[in-house]
Amino acid sequence: MPDAATSASTAPDIDLLDAPCRALAEAADAVGEAARHASGLAFGARLPAAALARGGRVRLGWRTLLRTLTDPSGLGWAPRGRGVARAGRLAGILAGRESLAISIAVCGLKARIRAASAGRPELFDDPGAAAVLGAVGAGRQGEAVRLFRAIMRERGAEHAFALLAPSFADILAWHALTDANPFNDHAGWQVATGRAETAEPVLGLGAAFWAFCDRGPAQPEGPATTGAAPTPGPARRRVTYRPPRPAPLPPDAGLGGHAAALRTHAVRLRVAAMTPGWQGQENEALRAEVTRLAARCATAAGGLALAAAQLQDQ
């Protein structure tokens, strides 16, 4: 196995990896907000009543909106919000239906975990950390969480956090977004996108979770060496990107505004998939996944734009 200095010299430039991680986080947020706006129209009181009473283009636009919110090649199962939309979202989670917003958020978390480990090749010298990162690379988020918790039990929480920071918050958020429990999704979404989900007090995000998911930069870079001076190497900046809480689109953006935003994010994701830092056989699956998500963003944008034209909601 190559030593840390050799691995560091061949690792991808971490500066190149921040942009695709940011693009994925911001795309997930934009898709989520577009789905929330569309759900408010499709499952509210005004549009369904007008569609049933008046028919014509209004009914056609409502049906287009419903198809867009449930299109597996676009938004997936995308109801978000209150009332009927919330019930539909919970039903989709319990039935195992996939959502584009969650898929992009999870892809972004995997990209951030991979980017963080790229700057710390010494992690693969530790059997526990190597096992966790191997499970992440294979897409086994449940196994990654179990292995991480095993490190905590056997070697202590402080060691586990120092070893895998800042990735432990991303691993737990990934698990929260993909498990069968719908009540921890707001916490995983907040870590993935930087946007807090409104939650009832009993299900709210407490200070303990914030402390647990602290991603501060004051973490050891690797195990201390004894008996020999450390081998000098190029200084590498650790990826500790926490997405800023993005400003939502203005209230009057409408379906047309959200469709335009999704088209922009589709282009950004295609560019992110071609980032030089993600080149190589081990990252081919990740690049292919980002490309598929970009295509789905474009499909969703087309559906929202068609509904906007039919409803004259530009």
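1. Leaving aside neighbours within four places in sequence, Gly32 is in contact with Arg80 and Ala101. The model under review is a predicted one. Gly32 has its place in helix α2, and at 0% relative accessibility this glycine counts as buried. Gly32 also lies 9.9 Å from Ile104, C-alpha to C-alpha, although 72 residues separate the two in sequence.

2. Ser39 is a further residue of helix α2, which covers residues 14–42. Ser39 is buried, because its relative accessible area of 1% falls under the 20% cut-off. The side chain of Ser39 reaches the backbone oxygen of Ala35 at a distance of 2.7 Å. Not counting residues up to four places away in sequence, Ser39 touches Gly44, Leu69, Ala78, Pro79, Arg80 and Ala85.

3. As to the chain overall, the protein has 14 helices and zero strands. Read from the N terminus on, its elements are α-α-α-α-α-α-α-α-α-α-α-α-α-α. Of its 314 residues, 48% count as buried. Among contacts between residues at least 6 apart in sequence, 73% join residues at least 24 apart.

4. Is Ser99 buried or exposed? With a relative accessible area of 14%, Ser99 is buried. Apart from its neighbours within four places in sequence, Ser99 is in contact with Leu75 and Trp77.

5. The next points concern helix packing. Two packed helices are described by the angle between their axes and the distance between the axes. For α6 and α10, the axes come within 9 Å and cross at roughly 155°. That makes α6 roughly antiparallel to α10, since angles over 145 degrees are classed in this way. The crossing in which α6 passes α10 is left-handed. On the α6 side the contact is made by Ile102, Ala105, Val106, Leu109, Lys110, Arg112, Ile113 and Ala116, and on the α10 side by Ser167, Asp170, Ile171, Ala173, Trp174, Leu177 and Thr178. By type, these residues divide into ten nonpolar, two polar and three charged.

6. Helix α10 (residues 167–178) also packs with helix α8 (residues 141–155): their axes come within 9 Å and cross at roughly 135°. That makes α8 oblique to α10. Here too the crossing is left-handed, as α8 passes α10. From α8, the contact draws on Gln141, Gly142, Ala144, Val145 and Phe148; from α10, it draws on Phe168, Ile171, Leu172, Trp174, His175 and Thr178. How many residues of the contact of α8 with α10 are nonpolar, polar and charged? The division is seven nonpolar, four polar and no charged. Ile171, Trp174 and Thr178 of α10 take part in this contact and are also listed in the contact of α10 with α6.

7. Helix α8 has a further partner in helix α7 (residues 127–137), and the axes of these two come within 8 Å and cross at roughly 165°. α7 and α8 are therefore roughly antiparallel to each other. α7 passes α8 in a left-handed crossing. The meeting residues are Gly128, Ala129, Ala131, Val132, Ala135 and Val136 in α7, with Glu143, Ala144, Leu147, Phe148, Ile151 and Arg155 in α8. Nine of the residues in the contact of α7 with α8 are nonpolar, one is polar and two are charged. Ala144 and Phe148 of α8 meet α7 and also belong to the contact of α8 with α10.

8. At 1% relative accessibility, Ala266 counts as buried. Which residues does Ala266 contact, leaving aside its neighbours within four places in sequence? They are Ala294, Cys297 and Ala298. Ala295 lies 29 residues from Ala266 in sequence, with a C-alpha to C-alpha separation of 6.7 Å in space.

Note on methods
Residues numbered from 1 in each chain as written. Predicted model: local features only at pLDDT ≥ 70, side-chain atom pairs only at ≥ 80, totals over all residues. Heavy atoms only, no water. Axes fitted to C-alpha atoms, helices over the stretch in contact; angles between N-to-C directions. Helix = DSSP H or I, 4+ residues; strand = E, 2+ residues; numbered from the N terminus. Parallel < 35°, antiparallel > 145°, perpendicular 65-115°, else oblique. Left-handed = near helix turned anticlockwise from the far one by under 90°. Contact = heavy atoms within 4.5 Å. Nonpolar A, V, L, I, M, F, W, Y, C, P; charged D, E, K, R; others polar. Buried < 20%, exposed > 50% of the residue type's maximum accessible area, 1.4 Å probe, protein only. Polar contact = N/O pair within 3.5 Å; in protein donor to acceptor, adjacent residues only side chain to side chain.
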